[in-house]
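Please keep the sequence and the 3D view open as you read.

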Amino acid sequence: MPQGREVSQHHPHVSAQTVLVWQQQQPIPDDHRAFAIFVTFCCCFPFGIAGIVMSSRVQTLYAMGDYQGAEESSRSAKNWPYAGLR
């Protein structure tokens, strides 16, 4: 320790502040899976399979936070089986 000088150690006080932001989460769009499965087994296999594939994308996109993509997949999941009924 040097003579004539007082050495002190200062530890800065670190404070953490938590800020919570509440966002209203949008509800998950309907995946129309039951309708797609019904059309697959009862009416038109290819259109029903396309509907099942699109319905599985609804859940995946929603879980990733892509709500707009989930809505688009929901519309496709509904439209493919309807096309098989026509």
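The report below goes from the overall fold to the core, the aromatic pairs and the surface.

**Ground rules.** This is a predicted model, in which local features need pLDDT of at least 70 and side-chain atom pairs count only at pLDDT 80 or more, while totals for chains, interfaces and linings use all residues. Residues are numbered from 1 along each chain as its sequence is written, and side-chain values use heavy atoms, with hydrogens and water left out.

**Overall fold.** The chain has three helices and zero strands, in the order α-α-α along the sequence. Helices (H or I, at least four residues) and strands (E, at least two) are DSSP runs, numbered from the N terminus. Of the 86 residues in the chain, 27% are buried. Here buried means under 20% relative accessible area, exposed means over 50%, and partly exposed lies in between (1.4 Å probe, protein chains only). The accessible surface comes to about 7100 Å², and carbon and sulfur atoms account for 55% of it. Such areas come from the Shrake-Rupley method with a 1.4 Å probe; for residues, only the protein chains shown count as cover. A contact means heavy atoms within 4.5 Å. Among contacts between residues at least 6 apart in sequence, 63% join residues at least 24 apart.

**The core.** Which residues make up the largest nonpolar core? The five are V58, L61, Y62, Y67 and A70. A nonpolar core is a set of buried Ala, Val, Leu, Ile, Met, Phe, Trp, Tyr and Cys residues joined through side-chain atoms within 4.5 Å. Two elements, α2 (45-63) and α3 (67-85), each give two or more residues to this core, and α2 provides the largest share with three residues. Leaving out residues up to four places away in sequence, L61 touches D66, G69, A70 and S73.

D31 sits in the segment before α1 and is buried, with a relative accessible area of 14%. Not counting residues up to four places away, D31 touches S55, V58, Q59 and A77.

**Aromatic pairs.** The whole structure holds three aromatic pairs. Rings of Phe, Tyr and Trp (its six-membered ring) pair if their centres lie within 6.5 Å; planes under 30 degrees apart count as stacked, over 60 as edge-to-face and the rest as tilted.

| Pair | Centre to centre | Angle between planes | Type |
|---|---|---|---|
| F35 and Y82 | 4.8 Å | 50° | tilted |
| Y62 and Y67 | 6.2 Å | 65° | edge-to-face |

F35 is partly exposed at 23% relative accessibility, and Y82 is partly exposed at 40%.

**The surface patch.** F45, I49 and V53 form a nonpolar patch on the surface, with about 270 Å² of accessible area together. Like charges are joined within 9 Å, and nonpolar side chains (Val, Leu, Ile, Met, Phe, Trp, Tyr) within 5 Å.

Is F45 buried or exposed? F45, in helix α2, is exposed, with a relative accessible area of 52%. Apart from neighbours within four places in sequence, F45 is in contact with V39 and T40. The C-alpha atoms of F45 and P81, 36 residues apart along the chain, are separated by 9.2 Å.

Conventions:
Patch = residues over 30% accessible without salt bridge, like charges linked within 9 Å, V, L, I, M, F, W, Y side chains within 5 Å. Salt bridge = Lys/Arg side-chain N within 4 Å of Asp/Glu carboxyl O.
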